[in-house]
Amino acid sequence: MSNDVNTETATPDNTLPDIGIERIMEMIPHRYPFLLIDKVIDVRLNESAVGVKNITINENFFQGHFPQRPVMPGVLIIEAMAQTAAVLVVGTLGKASEGKLVYFMSVDEARFRKPVGPGDRLELHVTKERSRGNVWKFKALAKVDGTLVAEATYAAMILDN
């Protein structure tokens with residue numbers, strides 16, 4: 001796979017319009033209950049993107065984590081970061097990469113600073129640090145109302161199904 005920017009859909013400044021849930025489901029293979037982003041905004045191909053997850057009390061993980069004080073599990077915040085990055089990668093590489101599986105290779109420097117719960121709008125700011133072949137490395141910051149709630153760096157491999 002090439003790391004060239006997908007020129008078919010990019011604007012002259014290498015950005016994409018906001019990506020809604022229907023398009024996300026075309027781009028990555030995740031589905032309910034594990035599709036953890038609602039839309040992706042501020043997409044700068046081959047550079048960065050912001051995923052958005054609107055947290056509601058209806059999330060299935062709140063049934064057990066924790067019913068008396070609902071908190072989104074940190075590992076799911078990291079997964080939402082990765083899904084945002086996967087949309088960025090597919091947007092960058094183009095249609096041929098749609099639906100391909102992406103596997104974590106590493107998660108480093110994960111920090112959880114504040115709990116995320118019902119009513120929060122989680123923004124997942126992902127920035128590509130580098131890519132080589134089918135391996136990509138990202139830095140991600142998760143924010144609620146502009147406040148940092150979690151962060152991590154991670155590497156993932158995109159597989160040719």
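Q: Which residues line the largest cavity?
A: The largest cavity has a lining made up of Val89, Val90, Leu93, Ser97, Lys100, Val102 and Ile158. This is a predicted model, in which local features need pLDDT of at least 70 and side-chain atom pairs count only at pLDDT 80 or more, while totals for chains, interfaces and linings use all residues. Residues are numbered from 1 along each chain as its sequence is written, and side-chain values use heavy atoms, with hydrogens and water left out.

Q: How is such a space found, and how many cavities of 30 Å³ or more are there?
A: Rolling a probe the size of a water molecule over the atoms shows where empty space is left. On a 1 Å grid over the protein atoms alone, a cavity is a set of points where a 1.4 Å probe fits but cannot get out, and lining residues have an atom within 4 Å of a point. Grid points are joined across faces, edges and corners, and the volume is the space filled by probe spheres set on the points. The count comes to one cavity of 30 Å³ or more, and the largest cavity holds about 30 Å³ of space.

Q: What classes of residue make up the lining of the largest cavity?
A: The lining has five nonpolar, one polar and one charged residues, where Ala, Val, Leu, Ile, Met, Phe, Trp, Tyr, Cys and Pro count as nonpolar, Asp, Glu, Lys and Arg as charged, and the others, Gly among them, as polar. The largest share of this lining, three residues, comes from α2; helices (H or I, at least four residues) and strands (E, at least two) are DSSP runs, numbered from the N terminus.

Q: Is Ser97 buried or exposed?
A: Ser97 counts as buried because its relative accessibility is 4%, buried meaning under 20% relative accessible area, exposed over 50% and partly exposed in between, with a 1.4 Å probe and protein chains only. Ser97 sits in the loop between α2 (74-93) and β4 (102-112), and, leaving aside neighbours within four places in sequence, Ser97 is in contact (heavy atoms within 4.5 Å) with Met27, Val89 and Val90.

Q: Where is Ala85 found, and which residues does Ala85 contact?
A: Ala85 is found in helix α2 and is buried, at 3% relative accessibility. Apart from neighbours within four places in sequence, Ala85 is in contact with Val126, Phe138 and Tyr154.

Methods
On a 1 Å grid over the protein atoms alone, a cavity is a set of points where a 1.4 Å probe fits but cannot get out, and a pocket is an open set with protein on both sides within 12 Å along at least five of seven lines; lining residues have an atom within 4 Å of a point.
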